[in-house]
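Here's a quick look at the charged side-chain pairs in this protein. Have the structure open and follow along.

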Amino acid sequence: MKVDLLIKNGWVYRTYRQCFEKMDIAVAGERFYDISPALLYEAECVVDATGKYMIPGLIDIHMHIESSMTYPEEFSRVVLPWGVTCVVADPHEIANVFGLEGIKSFMEQETELDIYYGIPSSVPSTGSSLETSGGQIGEEEVRELLKDGKVICLGEVMNDLDLVSGEDTLIKRIVRLCQDGNRRLKIEGHCPALSGEALAGFIRGGVDADHTQQTPESVLEKTDMGMFLELQAKSLTSDVVETVVSHGLYENVALVTDDTMPDHLAKGHLNQILKLAVERGMPAEKAIYCGTLTPARRMGLDDRGMIAPGKLADFIVLDDLVSFCPSAVYKNGKQHKKGPDSPKAVFPDHFYQSVKCRLALASDFKLNRCEIGEGTAVVNVMEIQDFGTRVRHVKREIPVRNRCICWQEAGLCLAMVFERYGKTGEVSYGLVEHAFQSPGAVATTWSHDSHNLLVLGNSVEDMVLAQNRVVHMQGGYVTVRGGKITASAALPVGGILSDGSLLKLSEELAEVREEIEAMGYENSNVIMSISTLTLLVSPELKISDKGLFDVKTKQKVPLVERYES
């Protein structure tokens, strides 16, 4: 028997025992043919892997291509060298802008990376009464997507109140569609603040996985209730990893990226999550298991996830089990060779004209409609945290003069959301604490999940300039200080994607990140922290184009609680 590829003398990962043994690997066509010591097959290509480790290709089952602000072809080109050979993408960001048309624009692209898809379950993330999106996904769109073999799950269900409601809500009908018939898709979830009876109701509704930020307590509660946990970077704290390790929860856990910024993607992808898990105390062999077989099993991808006869020959060659930086990546039995940048993406013309928002004026940023002329106002405030995307709901007492709330004097920043789809023209206001410490502003249309135009700052002049620039760019990120634009990253496709080189975009976004940090904004990921101020399913108080909302109750919260003369 002559095989196509023979790799000799490598330390091969033995999946079910989570260990390494010195083995040879034979590959015929796209699949593993044999794995055994001292194979004697004649081969077209023979590789000596002495001293190297060989593990299955990494599988990321919860991620969003749009979080890298790029398109599938360019994403594939950049991520494969990091050893990721398969992903399950939830395209709910492009769906929030363009609906089913946006999703199909992704699914039609040919990629070397295997990309499966989840049907966006919550577009918009809450409902049209709470936020304005460009597109919506309903039962008709779900039926259409279920016809496509690339679809293998229902993307993260966010609206827990509708799922447990006594009424026959849209999300209940969508879940039924995905569980009826022959497909019976896995149902992914988003439940960062649910516990006890509320969590039990969420699981009874059909959701049995969660990817949001975990604590040791939530890990035990959710796994005890039968949930599968997808741990991203912000969940990989030492105490969470210790909980997984000490209780042996590896069968219930996969490692995922969820969101990877362009400037971070240039440095790694899921391989960086494995590295972090090991740094926080997870044995390397277990981290590999949770980055290969458990995600494959979760999504029913039975043809991959391990090095074994008959499986797809997707595998990585590593020099060590510390850096997880591949020295070679094989996809379908062929060594991946990093080529030139992908050609510029081609999207429909109207994808480049989606920001239909008026230009702001300085008068828009004055909170001068107070019920009293002089005194104080007790206001509801979004307090930024140093880690993650959660925002605390706090109340602050600030001065009122000439019927105007003196938010700058109180050391707060102003957040404004402009409806950008040309549907309502609504503008909303919120106050933010622990944001910028020096004068400046940032504006973006990359504001999850509805992607309206968000402006945050403490200088009216800078906020006007930032907002105007983003409108003229047809979307992106802009920072302004001292009346000058200091950094920008254009995202002209739907206001959320670049159609060019990810390397160039990563450099631009790195400059944006540096400018935000230079203004004193402190968070583990300043880009995501700002962009999720509008995410109405991430605790505790968030803002949309329709106002401030309590995330748990989905009730509108007034900017001013009360006035005191």
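## What counts as a salt bridge

A salt bridge here is a side-chain nitrogen of Lys or Arg within 4 Å of a carboxyl oxygen of Asp or Glu. Keep in mind that you're looking at a predicted model. By that rule, the structure has 31 salt bridges.

## Lys 331 and Asp 114

Start with Lys 331 and Asp 114, whose side chains form a salt bridge with an N to O distance of 2.9 Å. Lys 331 belongs to strand β15 (residues 326-331) and Asp 114 to strand β8 (residues 114-119), so this pair ties together parts that sit 217 residues apart in sequence. Both Lys 331 and Asp 114 are buried.

## Glu 383 and Arg 396

Next up is the salt bridge between the side chains of Glu 383 and Arg 396, at 3.6 Å from N to O. Glu 383 is in strand β17 (residues 374-384) and Arg 396 is in strand β18 (residues 391-401), so the link here spans 13 residues in sequence.

## Asp 364 and Arg 358

Asp 364 and Arg 358 also pair up through their side chains, with 2.9 Å from N to O. Asp 364 has 12% relative accessibility, so it counts as buried. Arg 358 comes in at 42%, which means it's partly exposed.

Terms used
Residues are numbered from 1 along each chain as its sequence is written. This is a predicted model: local features need pLDDT of at least 70, side-chain atom pairs count only at pLDDT 80 or more; totals for chains, interfaces and linings use all residues. Side-chain values use heavy atoms; hydrogens and water are left out. Helices (H or I, at least four residues) and strands (E, at least two) are DSSP runs, numbered from the N terminus. Buried means under 20% relative accessible area, exposed over 50%, partly exposed in between (1.4 Å probe, protein chains only).
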